[in-house]
Amino acid sequence: MSTEANRAGEANWAGRAPDASRRSERSRRAILDASIQLVGEVGYTRLTIEAIASRAGVGKQTIYRWWPSKAAVLLDAFLDTPTGEAESLPDTGDLAADLKSVLRATVDEFTDPGFEAPYRAIAVAAADDAELARQFAERLQEPGLAVYARRLRAEQEAGRIDPDVDVRLAVELLLGPVQQRWLNRSGPLTHEFTDQLVDLTLRALEPRRPG
């Protein structure tokens, strides 16, 4: 075969060579999808790296090359799943109505089995894993809290919230009962509950009248 033919053959083979980055992304995506599916089917306790690998069609060493534990896989999978969380709260000019709208959507999300299973699994696992807890807070909780804090701070600057209020504490006052009721299953998580919570919280944040 001529040199030119050899070069043509090499170029043709190179054109058909698999793209390693695309193959890795397909594997990563398959692993994340498998972890979300499985935790909804079997729960966190029975979820294993072996089961994720089998469902994703990869070797378990592929998973361990990218993640140290099933909790880490699940956290990345959850963060990679689109949710209703936005970078800012709606602003219709009515803070109470806006907060109620967002918290109602949160209730709907928290009671959706497809969302609840992985989120609850991560929350429970984080209670026993300090590093997972740190990542859970840093990558998932803090960005959400910051969205509320920005809106409350804007309301504070406009004079509609007491200037002495600690905005971060106010956000925790608003969202803490939702998280606690959901995590501990201590009561029904309903729109009525969050509406009452918004009304009660905003009364506590009102500017103090002189005297």
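Biologist: Is R185 buried or exposed?
Modeller: Buried means under 20% relative accessible area, exposed over 50%, and partly exposed in between (1.4 Å probe, protein chains only). R185 is exposed, at 58%. This is a predicted model: local features need pLDDT of at least 70, side-chain atom pairs count only at pLDDT 80 or more, and totals for chains, interfaces and linings use all residues. Residues are numbered from 1 along each chain as its sequence is written, and side-chain values use heavy atoms, leaving out hydrogens and water.

Biologist: Which residue forms a salt bridge with R185?
Modeller: A salt bridge puts a side-chain nitrogen of Lys or Arg within 4 Å of a carboxyl oxygen of Asp or Glu. Here the partner is E116, with the closest N and O atoms 3.8 Å apart. R185 sits in the loop between α9 and α10 and E116 in helix α7 (residues 113-126), so the pair ties parts 69 residues apart in sequence. Helices are DSSP runs (H or I, at least four residues), numbered from the N terminus. E116 is buried, at 19%.

Biologist: How many salt bridges does the structure hold?
Modeller: There are 19. D98 pairs with R151 at 3.1 Å between the closest N and O atoms. D98 is in α6 (residues 95-110) and R151 in α8, so parts 53 residues apart in sequence are tied together. Both D98 and R151 are buried.

Biologist: Where do E172 and R168 lie?
Modeller: Both are in α9, 4 residues apart, about one turn of the helix. E172 is partly exposed at 40%, and R168 is partly exposed at 33%.

Biologist: Which residues are linked in a network of salt bridges?
Modeller: E25, R28, R29, D33 and D80.

Notes:
Helices (H or I, at least four residues) and strands (E, at least two) are DSSP runs, numbered from the N terminus.
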